[in-house]
Amino acid sequence: MAHDLIILGSGPAGLAAAVAARGRNKSILVIGNRWQDSPLAKAERVDNYPGLPGRTGLALMEEFYQHAASAGAEFVTGRAISLLAWNGFSVTVGSQVYGGKALILAPGVVRLAKYPGEAEFLGRGVSYCATCDGMFYRGKPVTVVGLAPDAPHEANYLRGLGCQVVYVSPHQPQGLEEGIPYVKASRLAVRGEDAVTALEADGAALPCAGVFILRRAVAPTDLLPDLETEEGVVKVDRRMATNLPGVFAAGDCTGAPLQVSKAVGEGHVAALSACEFLDQ
């Protein structure tokens, strides 16, 4: 079932947007990490949020989450790995696809320095989604760059499809099936000509036809390549509208100051603007 509004991000901006949109009686789906994993939840003390001084970040985030949940927002814990903008928006999380009529981007600051060759070979051997693209590599050698907690599961899935999988990560994986080689490396580069031919890991070439780079988050501009940015942040107007119809943004992804009150305010404005878009 399609929701009226999909919110990508479960931090202060996303949760504030969920509360505001539920106040306009819209069906809401929030996709993101657990609220306990928000950077705000790690703050020992928050003194600059009006009316609630001296709270821990964890306590403040729990109140934000409980407010949104009690208002009727629905939640999916996971990483958005692809997004299709056609007759609304379809967001893929794992093997599930969720639909919405409007979209709010509230992922926080997504610091994703790309590997050499990653952007050049995106769609020509580089993928961010094993369940989306794994079938194209059945019987072929692939490397999985494991930078997210669910990356070993994705590698196991690719092996189950018949891919010849090598797992590359700076950290020892948990839950990786026996028989999948593990290469510890942190300096990576994607190599190829017309398409990917290898992943270079700490100077050693690992021949492959596909490289699955599985991070904790996918940058908004990777989900929506036509999304306009300015100085590295999502460009919005006073309504928190982006250059794409039906797409709004709020919080740290729109730039400084990186403050909880700014994120909450922008989330509220973005939700009201999205509701106006839906009503039109």
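Visitor: Is Lys114 buried, partly exposed or exposed, in terms of relative accessibility?

Guide: The model under discussion is predicted. Buried residues have under 20% relative accessible area and exposed residues over 50%, with partly exposed in between. The relative accessibility of Lys114 is 38%, so Lys114 counts as partly exposed.

Visitor: Which residue forms a salt bridge with Lys114, and is that residue buried or exposed?

Guide: The closest N and O atoms of this pair are 3.8 Å apart, and a salt bridge requires a distance within 4 Å. The partner of Lys114 is Glu118. With a relative accessible area of 0%, Glu118 is buried.

Visitor: Which residues are linked with Lys114 and Glu118 in a network of salt bridges?

Guide: Lys114 and Glu118 form a salt bridge with each other. The network that holds them also includes Arg215 and Asp222.

Visitor: How many residues apart in sequence are the parts that Arg79 and Asp150 tie together?

Guide: Arg79 and Asp150 form a salt bridge, with their closest N and O atoms 3.0 Å apart. Arg79 lies in the loop between strand S3 (74-77) and strand S4 (80-85), whereas Asp150 lies in the loop between strand S8 (141-146) and helix H4 (151-161). The pair therefore ties together parts whose separation in sequence is 71 residues.

Visitor: What is the relative accessible area of Arg55, which meets Glu63 in a salt bridge?

Guide: The side chains of Arg55 and Glu63 meet at 2.1 Å, N to O. Glu63 is partly exposed, at 38%. Arg55 is also partly exposed, and its relative accessible area is 28%.

Technical notes: Residues numbered from 1 in each chain as written. Predicted model: local features only at pLDDT ≥ 70, side-chain atom pairs only at ≥ 80, totals over all residues. Heavy atoms only, no water. Buried < 20%, exposed > 50% of the residue type's maximum accessible area, 1.4 Å probe, protein only. Helix = DSSP H or I, 4+ residues; strand = E, 2+ residues; numbered from the N terminus.
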